[in-house]
Amino acid sequence: MTDVSALNARFGIKGKLAFREGKGGLIGIEVTTEHSTAVIALQGAQVVSWIPAGEKPVIWLSTGSKFAAGKSMRGGVPVCWPWFGAHATNPALSAHGYARTVPWDVVETKALPDGAVRLVFRLAESDATRAQWQFKTPVENHITIGKTLDVELVTRNSDDKPVTITEALHTYFAIGDIRKTTVTGLENCDYLDKVDAGSRKKQSGAIAFTMETDRIYVNTKAECVIEDTAWNRRIHIVKRGSQSTVVWNPWVEKSDKMGDMGENGYLRMLCVESANAAENKVTIAPGTEHRLYVSYRVSK
Ligand code: TA6
């Protein structure tokens with residue numbers, strides 16, 4: 001179902017949740033609660049905005065982002081699945097998998113007793129997806145909009161053999177100034193430094209940003225905190241079912257080359273991605289499921 005009026009008839013919630021046709025013909029879902037507002041793109045089941053009441057936006061979306069069927073959006077909470085980064089064997093396949101650029105179906109929308117709104121999406125499999133991924137692994141994205149933003153990616157193995165995936169909730173956070181921002185929680189963690197030929201290093205102290213930064217922290221279940229001194233706030237990142245945390249800022253040269261980061265976009269964004277990547281790939285036994293969960297909140 002991709003017709004806005006039919007979606008509103010079946011899944012709309014008066015005063016809380018409405019489907020709209022957005023830029024590039026993509027369908028957006030506008031969620032309004034007493035605690036926060038959000039916008040979710042149906043393509044990729046991708047949160048593209050989350051604004052707690054009385055706060056600045058927490059999720060960043062580039063002013064230069066493209067909006068078109070089959071194209072990834074620059075910002076929000078992209079779902080990287082069923083692989084993270086380059087495909088292991090086929091360079092012709094898109095980095096970060098296909099989940100973020102294909103249609104998803106709405107399974108359920110619900111107004112919760114605490115004032116939050118919950119949405120469940122399922123990736124719409126097709127010949128195009130099956131051509132890239134031959135396993136029977138239905139995947140859902142469960143999103144709760146409330147005092148926190150909770151996202152849970154659920155992969156079920158309906159196949160008769162184990163299936164191995166890598167994945168990430170590739171979240172772009174909005175910050176005041178990357179040069180005045182640090183990340184805590186990953187002290188003493190090993191990481192693979194993608195701007196230094198993937199060499200393995202150990203984190204010493206908080207992460208500060210003075211150049212392109214692209215690191216996969218491995219074997220960590222730690223909560224992270226983005227310390228945003230420019231906007232005088234903290235963003236707390238809690239996760240479950242994730243052994244990797246990716247920290248990325250493209251800095252100025254790469255940002256200019258990317259073409260969809262907007263004017264000096266790199267200054268106002270930071271990716272802290274809850275993932276299972278590199279050595280932390282996940283093998284799901286037949287008949288079982290794997291859940292990757294994050295919860296975001298802000299504090300002063
Ligand atoms: O998660 C960090 C990263 O893998 C970077 O290396 C950079 O490529 C970024 O993702 C953006 O990837 P995308 O495919 O969305 O342009």
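**Reading burial, backbone and ligand site**

Guide: Trp251 has a relative accessible area of 13% and is buried. Burial is a matter of cut-off: under 20% relative accessible area counts as buried, over 50% as exposed, and in between as partly exposed. Keep in mind throughout that this is a predicted model.

Visitor: Where is Trp251 found?

Guide: Trp251 is part of helix α3, which spans residues 251-258.

Visitor: At which other residue is phi positive although it is not a glycine?

Guide: Asn264 is such a residue, with a phi of about 50°. Asn264 sits in the loop between α3 and β21.

Visitor: Is Asn264 buried or partly exposed?

Guide: Asn264 is partly exposed, because its relative accessibility is 35%. Trp251, by contrast, is buried.

Visitor: Which residues are joined by a cis peptide bond?

Guide: The general rule is that most peptide bonds are trans. In this model, the bond between Trp81 and Pro82 is cis, with omega about 0°. Pro82 belongs to the loop that runs between β5 (79-80) and β6 (104-111).

Visitor: In which loop is Gly97 found?

Guide: Gly97 is also in the β5 to β6 loop. Gly97 is buried, since its relative accessibility is 2%. Gly97 and Gln134 are 37 residues apart along the chain, and their C-alpha atoms are 13 Å apart.

Visitor: How many residues separate Met261 and Ser65 along the chain?

Guide: The two are 196 residues apart in sequence, while their C-alpha atoms are separated by 6.7 Å. Met261 lies in the loop from α3 to β21 (269-276). Met261 is buried, because its relative accessible area is 2%.

Visitor: Is Leu112 buried or partly exposed?

Guide: Leu112 has 22% relative accessibility, so it counts as partly exposed. Leu112 is in the loop between β6 and β7 (117-123). Its C-alpha atom is 9.8 Å from that of Ile145, 33 residues away along the chain.

Visitor: Let us turn to the ligand. Which residues are around the ligand?

Guide: For a shell like this, a residue counts if one of its heavy atoms lies within 4 Å. The shell holds Arg74, Phe84, His96, Arg100, His170, Tyr172, Lys194, Asp214, Val246, Trp248 and Glu273.

Visitor: How do the residues of the shell divide by type?

Guide: Five are charged, four are nonpolar and two are polar.

Visitor: What is the distance from the side chain of Glu273 to an oxygen atom of the ligand?

Guide: A polar contact needs a pair of N or O atoms within 3.5 Å. An N or O atom of the Glu273 side chain is 2.9 Å from a ligand oxygen. His96 places a polar side-chain atom 3.0 Å from an oxygen of the ligand. His170 likewise has a polar side-chain atom 3.0 Å from a ligand oxygen. As for cover, the ligand has 390 Å² of accessible area on its own, and the protein covers 82% of it.

Visitor: Which residue has a side chain joined to that of Arg74 by a polar contact?

Guide: The partner is Asp260, at 3.0 Å. Arg74 is one of the residues around the ligand. Arg74 sits in the loop between β4 (46-52) and β5. With 17% relative accessibility, Arg74 is buried.

Key. Residues numbered from 1 in each chain as written. Predicted model: local features only at pLDDT ≥ 70, side-chain atom pairs only at ≥ 80, totals over all residues. Heavy atoms only, no water. Polar contact = N/O pair within 3.5 Å; in protein donor to acceptor, adjacent residues only side chain to side chain. Areas by Shrake-Rupley, 256 points an atom, 1.4 Å probe, with all protein chains shown as cover. Nonpolar A, V, L, I, M, F, W, Y, C, P; charged D, E, K, R; others polar. Helix = DSSP H or I, 4+ residues; strand = E, 2+ residues; numbered from the N terminus. Buried < 20%, exposed > 50% of the residue type's maximum accessible area, 1.4 Å probe, protein only.
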